[in-house]
Amino acid sequence: MIIALDGPAAAGKGTLAKRLAAALDLAHLDSGLLYRATAAVALERTVAPGDAEFIDASGSLQPGDSARNGLHSNAVATAASKAAALPEVRAALLAFQQNFARTPPGGKAGAVLDGRDIGTVVCPDAAVKIFVTASAEVRAKRRCLELQERGEDAIYQRVLQHVRERDRSDETRPVAPLKPASDAVLLDTSALTPDEVFEKAMAIVRSRSAG
Ligand code: C5P
């Protein structure tokens, strides 16, 4: 069973993906980490990477790169969004994601993948597709709390601006733009607790796997 979770930054996909994978005994892939690792490798090689550096980094990713420190910084997120707009980078990361879905590690019977284009490009045949979203304001508030918990500075207006810029870049790129698959179920988490999001997602999984 493949579960595809897509949606904008800080909508709650990551938390939900981990909980679904644990509850259903499935493998989990946070595909954003692949784009972040590509960006981090390129940033390590040069301060202001261009297309060529991003493409080169995506082609030479090592298994440990997605577990690097610092992948959650704003600088890495912004660079990841730039790298993610390049067709060559997306092509380099596609095979890894599709292999993960086809042959989930640990002998699991399936996988939960979360990202922006899982339901539309990576796993168009996924049994369950959920598009997880929330208002930009709610997502910015959540991101601020996350940053503060990690002991980092977080100014709401700046985080909100950053969330909006990343949405714009992800939604308007010509290759694999962020958009719900036509057969995805929309799940707006703006007014829901993580437990409520999980319960609603489990209900979607049950109804999809029964059908
Ligand atoms: O999900 P996360 O915020 O970690 O993703 C970082 C960036 O990677 C996103 O802003 C997006 O541009 C890109 N991404 C993507 N396709 C995916 C996952 C992430 O384009 N499947």
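Trainee: Which elements each supply at least two residues of the second largest pocket's lining?
Mentor: Those are β2, α2 and α5. Helices (H or I, at least four residues) and strands (E, at least two) are DSSP runs, numbered from the N terminus. This is a predicted model, where local features need pLDDT of at least 70 and side-chain atom pairs 80 or more, while totals for chains, interfaces and linings use all residues. Residues are numbered from 1 along each chain, and side-chain values use heavy atoms, without hydrogens and water.
Trainee: Which one gives the largest share?
Mentor: α5, with four residues. The lining has 14 residues, and Leu 29, Leu 34, Pro 63, Ser 66 and Phe 96 lie nearest the pocket's centre. A pocket here is an open set of points on a 1 Å grid where a 1.4 Å probe fits, with protein on both sides within 12 Å along at least five of seven lines; lining residues have an atom within 4 Å of a point.
Trainee: Okay, what about the largest pocket: how many residues line it?
Mentor: 44, with Ala 10, Gly 12, Lys 13, Gly 14 and Arg 143 nearest its centre.
Trainee: And where does the largest pocket lie?
Mentor: Between domain 1 (1-26 + 111-211) and domain 2 (28-107), because both give residues to its lining. Those bounds come from an automatic or database domain assignment.
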